[in-house]
Amino acid sequence: MQEKKVVNIGLFGLGTVGTGVVKLIEGHQEDLVKQTGNEIKIGKILIQDPDKDRNYKVDSNLLTTDPWEIIYNKDIDVIIEVMGNIYPTYEYLMAALEQRKHVVTANKDLMALHGAELLQQASKYQCDLYYEASVAGGIPIIRALVEGFASDRITKLVGIVNGTTNYILSKMSEEGLSFEEALRQAQELGYAESDPTSDVEGFDAARKMAILSNLSFHMDVNIQDVKVKGITQVTKEDIELGKQLGYVIKLLGIAQLKDEQLAISVQPTMINKNHPLAKVNGVFNAIYVYGEAVGETMFYGPGAGQLPTATAVVSDLVTVVKQMNLGVNGRGVVAPYRPKLMMSDELMTSRYFIRLKVSDRVGVLARITQYFAEEMVSIEEVLQLRLHEEKKAQLIIITHETSKAQLSRLLPKLESLEVVDAINSVYPVEGDEVE
């Protein structure tokens, strides 16, 4: 009988997720041995402060403040990185791959910015690099895109990939809270940071969409390729008016391939209330995938949290160990191989929700629709509501499919009209194909 080999792990980071990884490896040892045929042990743990009081006790002999002690340790087989930050983490992982150590990371910021270089390094040294936990916590979306859709061609992704903003918008919709009230509640519950900028301005979701787009469309996509708008300007009035027209507002990441050109955005979007994504509430995440062969599928689950994220990390670790036993490490690494062509504004199309404050008098609608006609923007639906202000009205217009370039030309024209007091909000509209 072949002797059972011990696989030694170097763990970078012992925060919330790192502690979860230790708990799973130590607590699920029997299951891990059955699945892999190997005993998996934590060999060394990189920490910042050895004197910090931790709520989960580990052997002090395992702790080090020197990353190179792990990177150059010949007994370490796999490095799990859950400490965050881009630098110097990038240098550490590049060096680890050069030392032919397999890498599992949960670092979305790093993979969004330097994923292509790290994948190329892994391929060069025939190492595995897995990063399932970097997007959508406990949802196995990356493995699904790489393996489950290997024989298909993905044409579009639509995702709720940030639990904080989804919680805030859910509370605004369900309880009529303002943005500020919902944010404060999210912070009190620990769903939002004291500085929530990365979440509420859409940057966190943009990094995740860059990673998903890279995998789905095999292009070297980074965060600079994502058009980003956050949720800070979403109002209770927008949400209520959307409901009247059959829509829910969600912060959606949308990536679409058309004529070999790619468009990626993260922005508040009106989505049909009957679409499955419209029913994803609270801190949950979901990704809706369109494939040429399979059609439409959705992946749903917790987007963050200690054990959901740690589960994704350890799942990647199991894959690495199984491939070590088969001697096929590094063969599953696919660096981007298609040229990156970003879609022009003329090709980028959507339906739009436009809310205007206008003068309430004869001929106003005719003057406004004249500009729509000049830019060849077709109107699908109009809702006019009288405001409490004297001789003022609220005009909501839903367009048919319109290019971003057409919209960009139309909006300044509308603003120039003396009968238009303000363009209160503009949202893309998604998901009516479910009807």
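Guide: Helices (H or I, at least four residues) and strands (E, at least two) are DSSP runs, numbered from the N terminus. The model is predicted, so to speak of local features requires pLDDT of at least 70 and side-chain atom pairs count only at pLDDT 80 or more, while totals for chains, interfaces and linings use all residues. Residues are numbered from 1 along each chain as its sequence is written, and side-chain values use heavy atoms, without hydrogens and water.

Visitor: Which residue in S5 stands opposite Glu81?

Guide: Strand S4 (residues 78-81) and strand S5 (residues 102-105) run parallel, joined by four bridges. Opposite Glu81 stands Thr105.

Visitor: Which element gives the most to the lining of the largest pocket?

Guide: A pocket is an open set of points on a 1 Å grid over the protein atoms alone, where a 1.4 Å probe fits, with protein on both sides within 12 Å along at least five of seven lines; lining residues have an atom within 4 Å of a point. The largest pocket is lined by 39 residues, with Lys108 and Glu193 among the closest to its centre. The element that gives the most, with three residues, is H10.

Visitor: How many residues does S10 give to the lining of the second largest pocket?

Guide: This pocket is lined by 32 residues, and those closest to its centre include Ser265 and Gln267. Strand S10 (261-272) is one of the elements that give two or more residues. Its share, the largest, is six residues.

Key
Pairing = 2+ DSSP bridges.
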